[in-house]
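Here's a quick walk through one chain, from a single residue out to the way its parts meet. Have the structure open as you read.

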Amino acid sequence: MNVTKQQVIKDAKLFINGEYREAFSGKTFDTIDPATNKKLASVAEASVEDTKYAIEVAQQTFESGVWSEMPVSERSKILCKMSDLIMERVDELALVETLDVGKPIKESRGFDIPRAAANLRFFAEMANYIHHEHYDQSKYMSYAKYAPAGVTSLIIPWNLPFMQMTWKASAALAAGNTVVVKPASYTPLSAVLLGEIANEAGLPPGVLNIITGPGATVGTAMTNHPFVRRISFVGDSTTGKTVMQNAASQLIPVSLELGGKSANIVFEDADLDEAVAGSIEAIFRNQGEICLAGSRLLVQESIYDLFLEKFVAAVRNIKVGNPLSEETDMGALVSKSHLEAVDHYVQIGLSEGAKLAIGGKRIHELGEGNFYEPTVLYDVENKMRVAQEEIFGPVLVVIPFKTEEEAIRIANDSIYGLAGVVWTNDLRRAHRVAAKVNSGLLWINCWYYRDLRTPFGGAKASGIGREGGRHSFEFYTEAKTITLKL
């Protein structure tokens, strides 16, 4: 890596109308390094006034047509340039991401930042191939026009900040909208850097605006302002309900990507070594701080003991340590309070009767950072809180099942319906179970692979709406039917 912490970490300001500026109040807050619990940088703290200003700038820019009426091919070139610039700065952005989030550098550099660049290029290029519809009748011709919706509010979570920001902003911008983004207060540093990249690529001022501050003030103002015409939110289900309530006051369409407690189902005929490796990845990647985590491991009784033995042996090989080390598999949890919440859930599980196979405590040997052992609770009953509530950390609950029907019933016995995994070599069973598990996504003999053309989103308390491919363009545009008498 050619960059150092001292070179890349700097205080963050609001990015509005193509310029970095302080908050009107001059207030700031600190962002903390999860691996040390020491201050990383000061961040401008936006108020309602700052938020309204950013939205008004976005509205004026949208109405000017400088972006919304720019030919799609020209918009595409600018977004592709942003993609190129991200990859030119991949080491810098990865280091910032790791320092701010606590995740291993090999994930930031090897996946998160390249995926962010891919997001921009994918939606930029796809925008060129979104065709209008038109239909002829004997005396009439009707056609549908998909126009940019307007000002779009994007509220981004702290677990995958740069990747999630570009996932949302790429589609909204490619469709011709102007955007106001609020990254999470825990992890604002990488998101703010997208403003520099936008300016260098030639994105007109006011098209992309990035504001930092508390959700209670900034987030509320972003979700009930009359100029806002689309809201996309990623976060927990409770906050998602609040976003939806705020949006209802202005009848703003929303896309909500919320929590999960996904079932990872291992049948007796599965390739056990493959299932162990995939299931390790599905719960301990990104410290378990990922909505798609396979956090409920359902194992068929006939292989339960053998699978658990293999799984625990594999967990012992997970290297928890300094996120900046290339050898680290699992870094630090995002905050001290989150670590305490994760540990509290483990204690709840033990009090409910779950058994501890491995882990279950904070790692003090690594200093003052928020390091927690990869943890496996087994002989769990699905009614327990640790099986029903999203822990969002490196804690796996293991539940036995006898039959395929029972596995499906347990998988669906949850308020959530985001994702699922099935491990089996029986092709018919794989498709049966995939069809019957109530979730927005389901993987068979793999986990986390994403084709950006496919719909992404959850069922039940895991969200509303779908994004990805044409589904993103449908959400970020307004369809208008125009009929001509011939």
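Predicted model: local features only at pLDDT ≥ 70, side-chain atom pairs only at ≥ 80, totals over all residues.

What does Ile 283 touch, once neighbours within four places in sequence are left aside? The list includes Gly 288, Ala 293, Gly 294, Ser 295 and Phe 311, and then a run from Gly 393 through Pro 394 and Val 395 to Leu 396. Pro 394 is 111 residues away along the chain, yet its C-alpha atom is 6.3 Å from that of Ile 283.

The chain splits into domain 1 (14-258 + 462-485) and domain 2 (263-444). Their C-alpha centres are 31 Å apart, and the contact draws on 25 residues from domain 1 and 32 residues from domain 2. Together they bury about 2200 Å², with 52% of that on carbon and sulfur atoms. On the domain 1 side, Lys 106, Trp 158 and Ser 462 provide 23% of the area buried against domain 2, more than any other three residues.

As for polar links, 16 residue pairs at pLDDT 80 or more are in polar contact between the domains. Helix H4 (90-101) and helix H5 (105-126) are the elements giving two or more residues to the domain 1 side, and H5 gives the most, with five residues. By type, that side has twelve nonpolar, eight polar and five charged residues.

## Salt bridges across the domains

How many salt bridges run between domain 1 and domain 2? The count is two. Glu 326 and Arg 109 pair up at 2.5 Å, N to O. Asp 329 also bridges to Lys 106, with the closest N and O atoms 2.8 Å apart. That pair spans 223 residues, from the loop between helix H11 (304-315) and helix H12 (336-352) to helix H5. Asp 329 is partly exposed at 29% relative accessible area, and Lys 106 is partly exposed too, at 35%.

## Other salt bridges

The structure holds 30 salt bridges. One of them joins Glu 257 to Lys 168 at 2.6 Å, linking strand E11 with helix H6 across 89 residues; both residues are buried.

Lys 310 and Asp 273 meet at 3.3 Å, N to O. Lys 310 is in helix H11 and Asp 273 in helix H10, so this bridge ties together parts 37 residues apart in sequence. Here Lys 310 is partly exposed at 31%, whereas Asp 273 is exposed at 53%. There's also a salt-bridge network linking Lys 10, Arg 89, Glu 92 and Glu 196.

Conventions: Residues numbered from 1 in each chain as written. Heavy atoms only, no water. Domains from an automatic or database assignment. Contact = heavy atoms within 4.5 Å. Buried area = accessible area lost by both parts, 1.4 Å probe. Salt bridge = Lys/Arg side-chain N within 4 Å of Asp/Glu carboxyl O. Polar contact = N/O pair within 3.5 Å; in protein donor to acceptor, adjacent residues only side chain to side chain. Helix = DSSP H or I, 4+ residues; strand = E, 2+ residues; numbered from the N terminus. Nonpolar A, V, L, I, M, F, W, Y, C, P; charged D, E, K, R; others polar. Buried < 20%, exposed > 50% of the residue type's maximum accessible area, 1.4 Å probe, protein only.
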